[in-house]
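Welcome, and please open your viewer before reading on. We will go from one selection to the next, with a short note on what to look for at each stop.

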Amino acid sequence: MSSRLHHLMSAVLGAALLAACGGAVEEVEDRDVTPEVLAYYDEHPDFFTFATPADVPGDLVWEDGMDLPDLGSPEAKKGGTQYSSVQDFPRTLRHVGPDSNGAFRGWIMDDTNLSLAMAHPDVDGGLFPGIAREWAVDQEDQTVYMRLDPAARWSDGEPVTADDFLFMFFFFQSDYIVAPWYNNYYGIGTTYTNITKYDDHTISISMAEAKPDMNERALGLRPQPQHFYRELGDDFVERYQWRFVPVTGPYVIRDEDINRGRSIALTRLDNWWAEDRKFYRNRYNVDRIQFRVIRDQNNAFESFRRGDIDKFALNLSEFWYDRLPDSDPDVQAGYIHKSVFYNQRPRPNYGLWMNTDRRFLNDRNVRLGIQHATNFDRVISAFFRGDGRRMNTARDGYGEFTHPDITAREYDIDRAEEYFAAAGFTERGNDGILVNENGQRLAFTVSTGYTTLRDTLTILLEEAARAGVEFRIEVLDSTAGWQKVQEKQHDIHLAAFNVSVEMYPRFWDFYHSSNAYDQAFLEDGSVNPERQLRVQTNNLETFAVREMDALIERYDRSSDYDEMLELAYEMQVLHHEHASFVPGWIQDFYRLAHWRWVQYPEFFNHRQSTFPGNELFVHWIDEEIKQETLAARQSGETFEPRIRVFDQHRIED
């Protein structure tokens with residue numbers, strides 16, 4: 001046994017003896033995964049390394065991003081309660097595992113939890129301190145060094161240390177978490193090849209490839225609280241289902257604020273460790289964010305109109321033009337403000353995701369027919385009233401890495417019929433839907449987890465029927481919709497991934513066969529007849545093409561910008577030819593209505609902020625203005641109307 005292992009094992013045994021003597025520790029705490037964790041480190045010494053501060057290279061150039069512009073507004077006020085709504089109660093408070101990737105995840109993880117360094121939303125490639133106070137990049141050795149901020153704390157008060165980053169890799173590589181994507185991405189040698197601990201606040205992380213954004217990939221890592229997951233085991237999913245995971249950010253969920261199925265709340269920590277730091281001091285201003293479950297969007301809007309909800313997203317044209325027009329009395333009286341903000345970032349890839357493992361959808365001719373039978377142009381003109389444009393690829397918005405010459409297939413009944421005929425669907429039934437020689441109808445269930453987009457499916461249904469294909473609409477709540485596609489139980493699903501701001505797009509998550517089947521191909525390259533679907537991955541198309549696998553693997557290994565660009569184009573062409581995704585629409589702005597007491601900076605938000613402008617938390621609640629506004633509504637006093645368009649980041653077509 002190594003001295004390190006012996007020392008930590010002694011500490012564990014000592015704690016166990018103390019618990020036994022005190023008799024106050026619950027039975028559930030008898031489990032301790034620590035010995036297994038330490039043994040795992042010893043089994044993989046090339047990945048988990050322990051060194052001393054003297055081993056840190058002396059010629060590194062350290063940086064801290066403190067020269068970047070601050071975020072938010074110095075006018076922001078702390079305090080107040082923000083009232084909001086969610087369409088469905090979260091299925092779990094876990095960050096990983098089944099049902100963890102739902103709509104509520106951003107509030108408890110992605111938008112509120114700090115990584116080693118954070119991407120600056122106004123400066124491409126700019127990074128500012130998160131848990132790391134400074135960092136240095138050794139491009140040649142494919143390694144990033146980090147010095148952690150000694151002040152960093154978990155929300156339960158425990159210090160964040162290097163051990164939490166080592167444990168992060170054990171955690172994500174473990175089968176306990178039932179998360180194949182994490183097992184693959186964080187697997188030994190896949191993306192990361194080594195983590196070294198030099199002392200409690202100094203680590204380095206080595207990458208499999210020296211990619212152009214290697215520093216961002218390493219510094220984007222978030223630790224996992226080893227002390228919290230002490231009881232990690234086979235019952236992880238159930239044991240941690242409703243336990244709030246300690247975070248490094250400012251908001252927590254208290255047990256008393258969980259009213260299952262009805263409401264949930266975030267509470268800002270007193271004396272959060274980073275609250276006075278540059279980049280954070282003008283953000284996360286609201287003391288409490290109270291969510292009430294309102295499943296119907298129309299009911300949520302009416303709740304907003306009554307003042308029970310503080311702000312409401314108006315990207316849907318019906319709400320912007322009809323339900324809350326500029327002429328609305330509350331808007332003209334200045335009680336409700338309307339704002340449009342143009343942003344710059346990769347676009348959510350709205351479209352139809354076809355499950356190619358399903359009957360008929362495994363035929364490329366059927367998929368090509370569906371491409372030409374899907375009229376998204378009418379959706380844009382009728383549903384969005386022209387406020388948008390057609391998406392061309394699932395990777396739009398990545399600048400030079402978006403293929404410049406691929407265009408979405410147009411709605412064309414004649415071409416759709418030609419492709420359907422090639423698949424054996426040549427005759428129309430009495431209802432106009434095509435059938436094959438066996439009398440099987442060309443019919444598919446088109447599902448979505450977006451109740452607000454129900455009418456888009458109605459338009460697509462009508463237009464598809466004209467081309468001879470039946471779309472059976474299934475509208476689910478957001479969590480049920482996501483669960484369906486994660487289990488690969490869909491035919492065709494209308495959805496979008498809210499992709500991150502990155503230099504180049506990812507392909508492995510969505511198109512590698514390892515995320516479609518357990519073993520898609522045999523050694524000779526032929527299709528494995530015994531293959532089984534792999535669930536809980538983002539490969540919603542069950543895309544499994546051996547040529548694509550090879551391209552993805554070359555792309556992920558490459559550190560050459562030009563080669564990656566060429567491979568990205570090849571993969572986008574291959575995906576387009578496979579025809580398993582029908583590109584939907586793009587909007588390069590978001591629209592918001594908010595009561596007068598919800599305040600924003602003069603510039604409203606930062607360039608890369610995303611719909612509906614929550615994730616940077618630059619807004620604040622002014623309780624004095626709230627009382628003034630409520631009194632004015634009673635007395636009839638009015639204020640200056642505020643209907644504003646923030647187009648400082650707009651890119652003209």
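**Stop 1**

Begin by selecting Val340, whose bridge partner in strand S24 is Arg591. Before going further, note that this is a predicted model, in which local features need pLDDT of at least 70 and side-chain atom pairs count only at pLDDT 80 or more, while totals for chains, interfaces and linings use all residues. Residues are numbered from 1 along each chain as its sequence is written, and side-chain values use heavy atoms, with hydrogens and water left out.

Now extend the selection to strand S14 (residues 336-342) and strand S24 (residues 589-595), which run antiparallel and are joined by seven bridges. Strands, like helices, are DSSP runs numbered from the N terminus: a strand is E with at least two residues, a helix is H or I with at least four. Two strands pair if DSSP finds at least two bridges between them.

**Stop 2**

Select strand S12 (residues 288-293). Five of its six residues are buried, so this strand is largely enclosed by the rest of the structure. Buried means under 20% relative accessible area, exposed over 50%, and partly exposed in between (1.4 Å probe, protein chains only).

Which strand runs parallel to S12? Show strand S3 (residues 81-86), joined to S12 by six bridges; here Thr81 stands opposite Arg288. Strand S11 (residues 263-268) runs antiparallel to S12, with five bridges, and Ala265 stands opposite Gln290.

**Stop 3**

Next, select strand S8 (residues 192-199), where six of the eight residues are buried, so S8 is largely enclosed by the rest of the structure. Strand S1 (residues 48-50) pairs with S8 in the parallel sense over three bridges, with Phe48 opposite Ile195. Strand S9 (residues 202-207) pairs with S8 in the antiparallel sense over six bridges, and Asn194 stands opposite Ser206. Follow the chain from S8 to S9 and you pass through a hairpin of two residues.

**Stop 2: two crossing helices**

Show helix H2 (residues 34-43) with helix H4: their axes come within 11 Å and cross at roughly 90°. Angles of 65 to 115 degrees count as roughly perpendicular, under 35 as roughly parallel, over 145 as roughly antiparallel and the rest as oblique; H2 and H4 are therefore roughly perpendicular to each other.

For the contact itself (heavy atoms within 4.5 Å), display Glu36, Val37, Tyr40 and Tyr41 in H2, which meet Asp163, Leu166, Phe167, Phe170 and Gln173 in H4.

**Stop 3: the largest nonpolar core**

A nonpolar core is a set of buried Ala, Val, Leu, Ile, Met, Phe, Trp, Tyr and Cys residues joined through side-chain atoms within 4.5 Å. The largest one here has 181 residues, of which Met146, Ile205, Phe236 and Ile370 touch the most other members. Helix H4 (residues 162-173) gives the most to this core, with nine residues.

Zoom in on Ile370. Not counting residues up to four places away in sequence, Ile370 touches Met354, Leu361, Phe420, Phe444, Phe471, Ile492 and Val582.

**Stop 4: loops**

Is Phe360 buried or exposed? You will find Phe360 in the loop between strand S15 (351-354) and helix H11 (364-373), and at 13% relative accessibility it counts as buried. Phe360 has a positive phi of about 75° although it is not a glycine.

In the loop between S15 and H11, also pick Arg359, which is exposed, with a relative accessible area of 54%. Leaving aside neighbours within four places in sequence, Arg359 is in contact with Gln440 and Phe444. The C-alpha atoms of Arg359 and Asp491 are separated by 8.6 Å, though these residues are 132 residues apart along the chain.

Finish at Ala579, in the loop between helix H18 (561-578) and strand S22 (581-583). Ala579 has a positive phi of about 65° without being a glycine, and counts as buried at 1% relative accessibility.

Technical notes:
Axes are lines fitted to C-alpha atoms, for helices over the stretch in contact, and angles run from 0 to 180 degrees between N-to-C directions.
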